[in-house]
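Have the structure open while you read.

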Amino acid sequence: MSARLRRSITALTMLTAAVSLAVAAAPASAAPASAVPSASTPTVSVTANGVNCTNVVQIGTKKVVWDRGMEAFTVRQYKGYCRDAKGSAWMNFASVYVWQQYHVRGFAYRAYAGIAVRGELETRGFKVGANRQRLTYSTPVRTINDCTRGWGKLYRLGDESRQGLTSERC
């Protein structure tokens, strides 16, 4: 084997290793596919605050919110066939997913999630996540026949992030 070919193979091997290391070390930009349903893949089941939902799909566009100079969290809205104390029905719920690059900063935060209904001042299904909980779901609500948006924000000690609203779905 020629010296030139050997150097080329060595350079290619080192480049491949460097790319693999960079990909492994890169901050996650979204939740794992199994944790957050997407628009293209219905999930079999999601349990959102004790309410089991099947046939869950993301509706509307997600909203990425910046805080402290970085992409901090993503808000999404879903619809699913859910079963609560009143029985089964199609319902909406939201999620707030905190990005790894924000989470690793180490400070305390709580995610807020809810469904904003057009014409109403308060969100429905409002839920506050546990301290430093990266994925928080709102409680599913019976708002399929209303114009809704997924809503979310982060609360830090004495301060709040900007809110995030998904696109409106009617």
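The disulfide of Cys147 and Cys170 is right-handed, because the torsion about its S-S bond is about 120°. Bear in mind that this is a predicted model. The S to S distance in the Cys147 and Cys170 pair is 2.0 Å. Cys147 sits in the loop between S7 and S8, while Cys170 belongs to the segment after strand S10 (164-165), so the bond ties together parts that are 23 residues apart in sequence.

Searching the whole structure turns up 2 disulfides. The other one joins Cys53 to Cys82, with S to S at 2.1 Å. This link is right-handed too, with 110° about the S-S bond. Cys53 is in strand S2 (residues 51-67) and Cys82 is in strand S3, so this pair ties together parts that are 29 residues apart in sequence. Cys53 counts as buried because its relative accessibility is 0%, and Cys82 counts as buried at 1%; the cut-off for buried is under 20%. With bonded cysteines counted along the chain, the pattern reads 1-2, 3-4.

Now for the strands. Here's how some of them pair up:

| Strands | Sense | Bridges |
|---|---|---|
| S3 and S4 | antiparallel | 12 bridges |
| S4 and S7 (residues 135-137) | antiparallel | 3 bridges |
| S5 and S8 (residues 148-156) | antiparallel | 8 bridges |
| S5 and S6 (residues 124-128) | antiparallel | 3 bridges |

Take S4 to begin with. A hairpin with 2 residues between the strands connects S3 to S4, and Tyr81 stands opposite Trp90 of S4. Towards S7, Ser95 has Tyr137 standing opposite. S4 is mostly covered, with 10 of its 12 residues buried.

S5 is mostly covered as well: 7 of its 8 residues are buried. In its pairing with S8, Val117 has Thr148 as its bridge partner.

What about the nonpolar side chains? In soluble globular proteins, nonpolar side chains tend to be buried together. The largest nonpolar core here has 13 residues, and the members that touch the most others are Ala72, Phe73, Val96, Val98, Tyr102, Tyr109 and Leu154. Strands S3 (70-84), S4 (87-98) and S5 (110-117) each supply at least two residues of this core. Which strand gives the largest share? That's S3, with 4 residues.

Apart from that core lies another one of 11 residues, including Cys53, Cys82, Met91 and Phe93.

Conventions. Residues are numbered from 1 along each chain as its sequence is written. This is a predicted model: local features need pLDDT of at least 70, side-chain atom pairs count only at pLDDT 80 or more; totals for chains, interfaces and linings use all residues. Side-chain values use heavy atoms; hydrogens and water are left out. A nonpolar core is a set of buried Ala, Val, Leu, Ile, Met, Phe, Trp, Tyr and Cys residues joined through side-chain atoms within 4.5 Å. Buried means under 20% relative accessible area, exposed over 50%, partly exposed in between (1.4 Å probe, protein chains only). Two strands pair if DSSP finds at least two bridges between them. A disulfide is a pair of cysteine sulfur atoms within 2.5 Å.
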